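Good morning. Please look at the structure on the screen while I go through it.

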Amino acid sequence: MQVLMLIILDIVLFGCGMPRDPNHTLERVQGGVIRVGVAENPPWVKRMNGLPEGIEIDLVQEFAETLNAKIQWMWGPEFEHMESLKHFELDLFVGGLTQSHPSRKRVGFTSPYFIERVAIGAPQAMIPVRSLKGLPVVTAEKGKIIAELKKKGAEPMRLERLARLDSVTAAPVWELEKLGFEVTETVLQKRKHIIAAPPGENAWIGRLERFLYDHCAQIEVRLKQEQ
Amino acid sequence: MKIREPYHLPPDKQELNRRAQKLEWVTIGFLISIVIVMYLTMSSSQAMKAAWIEDTLSLIPPITFLISCHFKDKSPNERFPYGYRRAASIAFLAASVALFMIGFYILFDSSLKLITREHPTIGTIKIFGHHIWSGWLMITALIYGAIPPMILGYKKFMIAPKIHEKVLRTDAEMNKADWFTTVAGVLGILGIGQGWWWADSVAAGVISFEILKDGIVNIKESAHDLMDRKSVDMEGNSMDDFIEDLRSRLRKLDGVADADLRLREEGDTLAGEIFVVPTGQHILLGQIEQAHKLIRSSSWRFSDIVVTPVRSLK
């Protein structure tokens, strides 16, 4: 019986403090410096006079405060940041990344802290939108969204910034709502936003995940305030 | 062509066979639930992936057993005058080869991850309002995955020798050995929790050795079976005493000067030839039938015996 108690005690003590970081990232940054790689991707990361701003930047700054840490920001191309993460030369990388990023197997991703839906919206007068076939659809998106629209038979018209309020538009739901569009049920893409970290630093990633979960409600609000 | 007589197990063996089949259906049901649970929790752990693959592979022996039960009872016909009893051996061989190849793949994959120093990322998950480390969830899934197979394995292990079912026994052994895979998997994940990134790949490697071993042992068994190796009993001991006893009883028959047998296993049954040297110039039909009956009644396992008179046993 006593042996059993000892074994259980051992297991509990063993279990406390799990998980641990193989490279002690969480330990190191507390009261220290967090090295954060940044890549421009508004509204998540923006570059203003050489300094980073944006929704994810704010989140990381608040996170650093909870750890009593300073931040060292580093601009650079995405692939470089991913390499740095793999070699433990960076502690975080923010750039509006999503879960479908090709590097997901080689670095550590947090679980998604925000799911951004890109959908079709239209001015009140044009509701309901019966079919997209042959319909000109305005969008500021690139790549996959344009391809999706073409697949559905629409005629995508790309703009740098969304401004027109009188045509069917494809954009993230928060943006459609901000511009006063009615959001239809047609969802073109679901973007699961994550923040990248070095692989296997599970205590570090877990700490960040908890923080992001507690603060994710603010994100919708922040997005609507974006210019 | 003269078609073989259909063979049926005696009633008490049929009962055990039915019970074994029921256990295998239950096993399949539990395994499917285990496979789903483990797939949902495994994320990026090598050890979990290996354990999941092993659990998926454990579906093969029960399915093989149920298929062979279905075929065994089919009566021999024009196309298959010897009957369908060999179907089980073929399925058994195929399953063993699959086991071996997959064990090899996992060993290769986890060694690669060890060499390239991949650190597995295991984050947190929100359950019932609490953020917990996913590793705990994986450990729970692993433990859940061990309990039903171990219980079912023990039950099947008890039945197998009574109906001389090798596939059933192999399946039971694999189930009982599940505790080993589970412990390895749990240690792997606890290792990651402690910050030892390599623990996971090492655990996966260990599990793959188990699978490889299972594969090799079963390939040997099924190949020998198909090659009509001299039959051994379920523990692997020779049947020489049993055969010697049959030989001496045959020699005691009227009109028999000398006798010998040649037997082969067909799954759970025995088939073979009896060579009888008659005392006189002729051997009566009645004596052949006597020899036949003697052998058939000596064990429930005999399915097809051909008695042939010969001039001498040399």
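This is a predicted model: local features need pLDDT of at least 70, side-chain atom pairs count only at pLDDT 80 or more; totals for chains, interfaces and linings use all residues.

Over all chains, the count comes to 22 salt bridges.

Next is the salt bridge between the side chains of Glu177(A) and Lys224(A), at 3.4 Å from N to O. This pair links distant parts of the chain: Glu177(A) belongs to helix H6 (residues 173-178) of chain A and Lys224(A) to helix H8 of chain A, 47 residues apart. Glu177(A) is partly exposed, with a relative accessible area of 40%. Lys224(A), at 36% relative accessibility, is also counted as partly exposed.

The last pair is in chain B. Lys113(B) and Asp109(B) form a salt bridge, and their closest N and O atoms are 3.5 Å apart. The two residues are four residues apart in helix H4 (residues 86-115) of chain B, about one turn of the helix. Are they buried or exposed? Both Lys113(B) and Asp109(B) are buried.

Now for chain A as a whole. Eight helices and 12 strands are found in chain A. The C-alpha trace of chain A spans about 75 × 50 × 30 Å along its principal axes. Of the 227 residues in chain A, 46% are buried. If you take the contacts in chain A with a separation of 6 or more, 73% of them are between residues 24 or more positions apart.

In soluble globular proteins, nonpolar side chains tend to be buried together. Here the largest nonpolar core has 30 residues, and the members that touch the most other members are Ile34(A), Leu92(A) and Trp204(A). Which elements of chain A each supply at least two residues of this core? They are helix H2 (25-29), strand E1 (33-38), helix H3 (55-66), strand E5 (92-94), helix H7 (202-215) and helix H8 (217-225).

Take Ile34(A) as an example. Leaving aside neighbours within four places in sequence, Ile34(A) is in contact with residues including Val29(A), Ala64(A), Leu67(A), Leu92(A) and Trp204(A).

On to the interface. Contact between the chains involves 18 residues of chain B and 22 residues of chain A. The size of an interface is often given as the accessible area lost when the parts come together. Chain B and chain A bury about 1700 Å² between them, with 58% of that on carbon and sulfur atoms. Three residues, His119(B), His131(B) and Gln194(B), supply 32% of the area that chain B buries against chain A, more than any other three residues.

How many salt bridges are there between chain B and chain A? The count is zero. For polar contact, six residue pairs are found across the interface of chain B and chain A. On the side of chain B that touches chain A, strand E1 (124-127), strand E2 (130-133) and helix H7 (178-193) of chain B each give two or more residues. That side divides into eight nonpolar, eight polar and two charged residues.

Asp225(B) is in helix H8 (residues 198-226) of chain B. Its relative accessibility is 9%, so Asp225(B) counts as buried. Beyond its neighbours within four places in sequence, Asp225(B) is in contact with Arg86(B), Ser89(B), Lys166(B), Glu265(B) and Gly267(B).

Thr269(B) is in strand E4 (residues 269-278) of chain B. With a relative accessible area of 0%, Thr269(B) is buried. Again leaving aside neighbours within four places in sequence, the contacts of Thr269(B) are Tyr7(B), Arg85(B), Arg264(B), Arg301(B) and Ser303(B).

Note on methods
Residues are numbered from 1 along each chain as its sequence is written. Chains are lettered from A and ligands numbered from 1 in the order in which they are written. Side-chain values use heavy atoms; hydrogens and water are left out. Contact means heavy atoms within 4.5 Å. Buried area is the accessible area (1.4 Å probe) that two parts lose on being put together, summed over both. A salt bridge is a side-chain nitrogen of Lys or Arg within 4 Å of a carboxyl oxygen of Asp or Glu. A polar contact is a pair of N or O atoms within 3.5 Å; within protein, one must be able to donate a hydrogen and the other to accept it, and residues adjacent in sequence count only if both atoms are side-chain atoms. Ala, Val, Leu, Ile, Met, Phe, Trp, Tyr, Cys and Pro count as nonpolar, Asp, Glu, Lys and Arg as charged, and the others, Gly among them, as polar. Buried means under 20% relative accessible area, exposed over 50%, partly exposed in between (1.4 Å probe, protein chains only). A nonpolar core is a set of buried Ala, Val, Leu, Ile, Met, Phe, Trp, Tyr and Cys residues joined through side-chain atoms within 4.5 Å.
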